[in-house]
Amino acid sequence: MPKGFFVTGTDTGVGKTIMSMALIRALEMLGIRVGAMKPIESGCGREGDVLIPFDGMALKQTARMEEPATLITPCCFESPLAPFPASEIELRKVNIPAIKNAFAKLAQKYEAMVVEGVGGLLVPIKKNYAVINLAADIGLPLLVVAKPGLGTINHTLLTVKYALREGLTVAGVIINYTMPPENNLAEETNVQVLNKICPVPVIGISPYLKNITEEALEKTVRKNFDMQVLRRYL
Ligand SMILES: Nc1ncnc2c1ncn2[C@@H]1O[C@H](COP(=O)(O)OP(=O)(O)OP(=O)(O)O)[C@@H](O)[C@H]1O
Ligand SMILES: [Mg+2]
């Protein structure tokens with residue numbers, strides 16, 4: 001059985017890529033040879049005929065992988081949309097078997113995989129296939145990234161409880177400051193409340209990082225991630 005984590009979020013832009021990079025560092029610090037994947041990426045850049053997956057490339061670089069971007073991100077769209085509408089506009093179907101094959105290939109080589117999802121769990125990939133179905137097919141436990149602040153408890157519980165109800169394993173939640181703290185009451189109480197009522201633990205709180213460097217990510221992991229919980233799934 002492949003090991004690792006499927007990194008999802010309560011929304012797009014909550015820091016899944018940055019937290020996936022931190023997670024790669026965390027697993028490396030545990031002495032694990034880790035690979036990464038962003039199976040589907042929309043809003044890609046373009047160089048001539050080639051689409052450039054920015055998230056996929058960032059993960060490839062962080063994990064120091066030699067595999068081509070086409071294996072790390074087999075499915076690219078240029079439109080900044082959910083994969084389903086992007087595929088309709090760009091007249092290309094998402095090839096799920098190709099994604100599963102790429103994952104299987106990478107999972108064979110690496111001791112653990114960090115796989116970044118797309119947006120949140122109900123983002124449509126095909127008419128009847130959403131990110132949660134991809135997460136189930138990949139089969140790794142989920143980590144849910146959420147932003148702190150008002151609304152976070154609702155968004156986090158919706159994501160966690162839906163995943164659990166659909167039979168997926170959820171390892172935990174990471175609260176990530178994509179912006180400097182506002183030090184408001186919601187931010188100050190989010191984690192306490194989630195620890196009381198969320199069925200899975202908050203396994204990390206990442207501060208706002210002025211410079212997102214390897215050193216900053218390592219420091220974040222060392223100071224703010226519960227490595228014991230991560231280890232349980234490896
Ligand atoms: N801890 C942090 N400190 C500072 N900036 C951050 C942090 N986390 C995320 N960001 C910034 O917030 C923005 C969104 O982060 P990121 O790209 O990781 O989100 P995402 O969930 O992966 O988005 P997408 O759904 O597009 O894949 C980026 O500009 C990123 O640099
Ligand atoms: Mg991302």
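Contact, as used in these legends, means heavy atoms within 4.5 Å. The views show a predicted model, in which local features need pLDDT of at least 70 and side-chain atom pairs count only at pLDDT 80 or more, while totals for chains, interfaces and linings use all residues. Residues are numbered from 1 along each chain as its sequence is written, chains are lettered from A and ligands numbered from 1 in the order in which they are written, and side-chain values use heavy atoms, with hydrogens and water left out.

View 1. Helices (H or I, at least four residues) and strands (E, at least two) are DSSP runs, numbered from the N terminus. Lys-38 has 5% relative accessibility and therefore counts as buried, where buried means under 20% relative accessible area, exposed over 50% and partly exposed in between (1.4 Å probe, protein chains only). Not counting residues up to four places away in sequence, Lys-38 touches Asp-55, Gly-56, Leu-59, Ile-72, Thr-73, Pro-74, Glu-116, Gly-117 and Val-118.

**View 2. The magnesium ion (ligand 2) with Thr-17 (OG1), Asp-55 (OD) and Glu-116 (OE), which coordinate it at 2.0 to 2.2 Å.** Asp-55 belongs to helix α2 (residues 54-62) and Glu-116 to strand β7 (residues 112-116), so the pair ties together parts that are 61 residues apart in sequence. Donors are N, O and S atoms within 2.8 Å of the metal (3.2 Å for Na, K and Ca), and sites may look incomplete because water is not among the atoms. Asp-55, at 22% relative accessibility, counts as partly exposed, whereas Glu-116 is buried, with a relative accessible area of 2%.

**View 3. The packing of helix α1 (residues 16-29) and α2, at an angle of about 15 degrees and with their axes 10 Å apart.** This angle makes α1 roughly parallel to α2, given that angles under 35 degrees count as roughly parallel, over 145 as roughly antiparallel, 65 to 115 as roughly perpendicular and the rest as oblique. Axes are lines fitted to C-alpha atoms, for helices over the stretch in contact, and angles run from 0 to 180 degrees between N-to-C directions. Among the residues that meet here are Thr-17 and Met-21 in α1, and Asp-55 and Leu-59 in α2.

**View 4. Leu-91, found in the loop between α4 (83-89) and α5 (96-109).** Most residues other than glycine have a negative phi. Leu-91, although not a glycine, has a positive phi of about 55 degrees, and Leu-91 is exposed, with a relative accessible area of 75%.
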